[in-house]
Amino acid sequence: MALLKKVIARDVHGAHFRYYDFVMAAFVVILVLSNVVGAGKRAAVELPFVGLWPFGAGILFFPLSYLLDDVLTEVYGYARARRVIWAGFAALVFLVLMEWVTVALPPAKDWGGQAAYEYVFGLPPHRVEQFPYVSVGIGGRIAFASLCAFWVGDILNSVVLAKMKIWTNGKMLWTRTIGSTIVGEGADSLVFYPLAFYGLPDWPVQALLAVMLSQFLLKVGWEVVLTPVTYAVVGFLKRAEGVDVYDEGTNFTPFSADV
């Protein structure tokens with residue numbers, strides 16, 4: 001790391017990096033799949049000395065998106081991390097559109113999967129009347145909640161890490177990866193779970209609060225456990241790109257995708 005060239009973010013404006021696009025693609029794939037495959041399932045496991053521990057199934061993989069957000073900000077700077085967040089935003093918007101169109105298409109008479117599709121990605125009309133707040137469907141609500149949580153969670157995570165990098169003069173990477181995750185994941189959980197699941201018959205308030213707390217603790221715990229992986233990925237990318245970007249004088253507005 002000592003041989004890396006320290007640069008200010010504005011000095012690499014418009015620069016091309018070898019691995020940036022690959023990290024962006026990984027971030028978007030993990031984000032979308034986490035919202036489709038895991039977020040809607042409430043799981044529970046029996047833990048020694050703790051008892052029954054509820055959690056959302058998406059916790060197994062979603063924290064990897066925060067790890068990549070940390071990597072992007074640390075290696076490439078806030079502006080490029082913000083661009084990736086916008087890419088994820090666009091992918092989730094398309095996900096909602098695709099879910100709506102898929103559910104709305106009339107099923108073939110000999111196909112029996114419509115009810116399952118409506119439960120996961122939408123709601124049939126009689127349930128819409130019973131639960132008007134969730135009329136966009138479970139899948140739609142999850143995606144909408146993720147979009148809102150993006151603005152709070154991912155942006156805060158990236159801003160906190162970028163500022164802490166300046167405060168620590170690039171030292172003690174673990175303090176800013178874990179510190180930014182506490183802020184970002186905490187805000188993400190507070191926004192996501194009420195918007196996604198509040199009012200659903202199989203998500204009572206007590207269970208919702210329990211999952212929110214467990215998700216936050218597990219997400220931060222994942223960040224701690226994966227700290228050696230973060231160090232390895234950051235070290236590899238910094239050496240490969242040949243720069244160490246600092247966000248001194250950066251405009252931290254989230255309303256831009258410019259790099």
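1. Basis. In this predicted model, local features need pLDDT of at least 70 and side-chain atom pairs count only at pLDDT 80 or more, while totals for chains, interfaces and linings use all residues. Residues are numbered from 1 along each chain as its sequence is written, and side-chain values use heavy atoms, with hydrogens and water left out.

2. Overall fold. The protein chain has nine helices and four strands. Here helices (H or I, at least four residues) and strands (E, at least two) are DSSP runs, numbered from the N terminus. Along the sequence their order is β-α-β-β-α-α-α-α-α-α-α-α-β.

3. The protein chain has 259 residues, of which 51% count as buried. Buried means under 20% relative accessible area, exposed means over 50%, and partly exposed lies in between (1.4 Å probe, protein chains only). A contact means heavy atoms within 4.5 Å. Among contacts in the protein chain with a separation of 6 or more, 78% come from residues 24 or more positions apart.

4. Helices α7 and α8. Two packed helices are described by the angle between their axes and the distance between the axes. Helix α7 covers residues 173-197 and helix α8 covers residues 205-225; their axes come within 9 Å and cross at roughly 155°. Axes are lines fitted to C-alpha atoms, for helices over the stretch in contact, and angles run from 0 to 180 degrees between N-to-C directions. Angles under 35 degrees count as roughly parallel, over 145 as roughly antiparallel, 65 to 115 as roughly perpendicular and the rest as oblique. The pair α7 and α8 is therefore roughly antiparallel. Residues making the contact include T177, I178 and T181 of α7 and L208, V211 and M212 of α8.

5. I178. This residue is in helix α7 and is buried, at 17% relative accessible area. I178 and V220 are 42 residues apart along the chain, yet their C-alpha atoms are separated by 7.0 Å. Leaving out residues up to four places away in sequence, I178 touches E223, V224 and T227.

6. Aromatic pairs. The structure holds 14 aromatic pairs. Rings of Phe, Tyr and Trp (its six-membered ring) pair if their centres lie within 6.5 Å; planes under 30 degrees apart count as stacked, over 60 as edge-to-face and the rest as tilted. Y19 and F22 form a tilted pair, 6.4 Å centre to centre with 50° between the planes. Y19 is partly exposed at 23% relative accessibility, whereas F22 is exposed at 60%. W86 and W151 form an edge-to-face pair, 5.2 Å centre to centre with 90° between the planes. W86 lies in helix α3 (residues 78-104) and W151 in helix α6 (residues 138-167), so this pair ties together parts that are 65 residues apart in sequence. Ring pairs link W86, F89, W151 and F255 into a cluster.

7. Charges at Y246. Which residue lies over the face of Y246 at 4.4 Å from the ring centre? That residue is K6. The charged end of K165 also sits over the ring of Y246, 4.6 Å from its centre. A charge sits over a ring if NZ of Lys or CZ of Arg is within 6 Å of the ring centre and within 35 degrees of the ring normal.

8. Loop between α6 and α7. N169 lies in this loop and has a positive phi of about 55° although it is not a glycine. M172 is found in the loop between α6 and α7, and its phi is near 50°, a positive value in a residue other than glycine. N169 is partly exposed at 45% relative accessible area, and M172 is partly exposed at 47%.
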